[in-house]
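Open your viewer and get ready to click along. We will go from the whole chain down to single residues.

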Amino acid sequence: MKTFYITTAIDYVNGSPHLGHAYEKVLTDVIARFRRQMGDSVYFLTGVDEHGQKVQQSAKKRGIAPQAFCDEVSQEFRAMCAKLNISNDDFIRTTEPRHKSVVSRLLQQLFDQGEIYKAEYQGFYSTRQEQFLQEKDRQPDGSWPEIFGEVTQITESNYFFKLAKYQDWLIQHLKENENFIFPRYRQKQVLEFLSEPLNDLCISRPRERLEWGIELPFDSGYVTYVWFDALVNYYSAVEDKPGIWPADFHVIGKDILVPPHAVYWPIMLKACGLPTPKSILAHGWWSINGTKMSKSTGNFVEPMAFADQYGVDALRFFMIREMSVGQDSDFSLNQFLSRYNSELANNLGNLVNRTLNMTNRFAGGVVPAPDATSLILEPERELHALWEKTREEFITLCEGFQFHIALERAFAFVTATNRYVEQRAPWKLGKSTEAADQALLRTSLATMAEALRLAASLLPAVMPTTTEKIYGVLGYTATGSWRERLVWDHRLTGAKVAETAILFPRPQAPEAGAAKA
Ligand code: MSP
């Protein structure tokens, strides 16, 4: 069986990690964990993009060598992954020899095949975007959009990769692979881009202008264009590992779909005679309080500080619950706290507390066996039926990357369980000495515990620590496959539960500077 290979974009190390970087890691982690739960063998790659003008400039500003600068900042990205409980199998840096050697080799191969040629180029160059611009990039009034920063006209000799030659192949490939890009509507965007003739891609930068890059193997006067270098990471990380390439999913933001991932990358691979990735998942962007994230205005969420303050799982939960994959979303502290309180603390947290509290009060802390006759009563049957439906929907929704709705369904089951508890009112049954009430009490305690175990079993891809904590306080040691764990079978009978648990403490008021949202 082929390994399910999933990657994130590799982040530029010219600044510290922010919420957008964190989201992409978490989203990819949720998919990776979900696939593992479903029984796939998964290889999950993330990493950092260390070459190029932006990094060179940031290092210069700090007055240190680019490599020292990269060593420092890439550490922050690695630490963010560890902090957010990202289950990546590998972390690649584009300054590593294992990456550089593959980039050099592929460049030499393409050069030898005649896919790369040298030509004089005159054009408008954006330093900020590190790219030559085209007439169509101009605004109606002839000026260049602000995103390009300073634009200068330059003439220089450079190396070009024959991208245009593959245009028809790519169009055909997209038509034959309707699921190449998720969400589907973005595939149309790519085809639209391809409705205009492609230019060949300038893949070199003269050393005088940019030093910080991988030297062209056939001309030491040049370094490799940062995208041609960066994209190769997906392949260089696994080239020596059998059964992994091609990637099943490249998870990236919508800004880097067209042209780098959807056009350059498949063509580069095709030209090298390598298999192309199966799919690309393009997610949306986070704004903060309705505006673009920006460190200078303080409209910025620093993911590590935020996770320290409110909890790693709470942050993971919020990002996945709030954003519909592919769409944009807004982050605000108010919205975060509202979900935290209503869904985590008052719904799930409350069910945990009640279950522990009542099992201790009325059953000596040991989950009782349900009474067989009361299991066929209406409230129990209804909750059980809702579980069966929730489980199947949850899996289907996750398979289609509809994680926000999957979580909504999981939490609707928690709500229904809390409602069930209110209906049965074990605190009243516990006061009665009637045999029938005692039987119903045992059933309601067993049902609560089982429903909580099952709800927690839906959550490990999104909230791995929370699932483990709930299992722990229920005295449950998970065995068997994930799907087996989702079977309603009262396996907790006889388990000793903890006395109390605080899963989602009341959040502290935001501290100045920690997370201005
Ligand atoms: N280095 C390139 C990617 C090379 S991949 C071979 C790059 N780096 S980046 O640091 O600018 O962005 C990394 C990822 O973070 C991208 O997928 C980008 O879309 C994502 N995000 C950056 N800001 C974001 C938000 N505000 N919201 C969500 N994701 C965002 O591009």
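This is a predicted model: local features need pLDDT of at least 70, side-chain atom pairs count only at pLDDT 80 or more; totals for chains, interfaces and linings use all residues.

Residues are numbered from 1 along each chain as its sequence is written, and side-chain values use heavy atoms, with hydrogens and water left out.

**Stop 1: the whole chain**

Show the protein chain as a cartoon. Its C-alpha atoms fill a box of roughly 95 × 50 × 45 Å along the principal axes. You can look for 18 helices and 16 strands; these are DSSP runs, with helices (H or I) of at least four residues and strands (E) of at least two, numbered from the N terminus. Of the 517 residues, 56% count as buried. Here buried means under 20% relative accessible area, exposed over 50%, and partly exposed in between (1.4 Å probe, protein chains only).

**Stop 2: two domains**

Colour residues 4–284 as domain 1 and 333–485 as domain 2; such bounds come from an automatic or database domain assignment. Their centres, taken over C-alpha atoms, are 45 Å apart. Now select where they meet: 12 residues of domain 1 are in contact with 14 residues of domain 2, where contact means heavy atoms within 4.5 Å.

How much area is buried between domain 1 and domain 2? It is about 1200 Å², and carbon and sulfur atoms give 76% of that. Buried area is the accessible area (1.4 Å probe) that two parts lose on being put together, summed over both. Select V30, F34 and Q37: they supply 47% of the area that domain 1 buries against domain 2, more than any other three residues.

The interface has 2 residue pairs in polar contact, both at pLDDT 80 or more. A polar contact is a pair of N or O atoms within 3.5 Å; within protein, one must be able to donate a hydrogen and the other to accept it, and residues adjacent in sequence count only if both atoms are side-chain atoms.

**Stop 3: N347**

Go to helix α12 (residues 333–363) and pick N347. Is N347 buried or exposed? It is buried, with a relative accessible area of 9%. Show T415 as well, and you will find a polar contact of 3.0 Å between the two side chains.

**Stop 4**

Most residues other than glycine have a negative phi, and most peptide bonds are trans. Select F182 and P183: the peptide bond from the one to the other is cis, with omega near -5 degrees. The bond from V258 to P259 is also cis, with omega near 0 degrees, and P259 lies in helix α9 (residues 257–272).

A425 has a positive phi of about 45 degrees, and its place is the loop between α14 and α15 (426–429).

**Stop 5: cysteines**

Finally, how many disulfides does the structure hold? There are 0, a disulfide being a pair of cysteine sulfur atoms within 2.5 Å. Click C81: its closest cysteine sulfur, in C70, is 16 Å away, so the two are too far apart for a bond.
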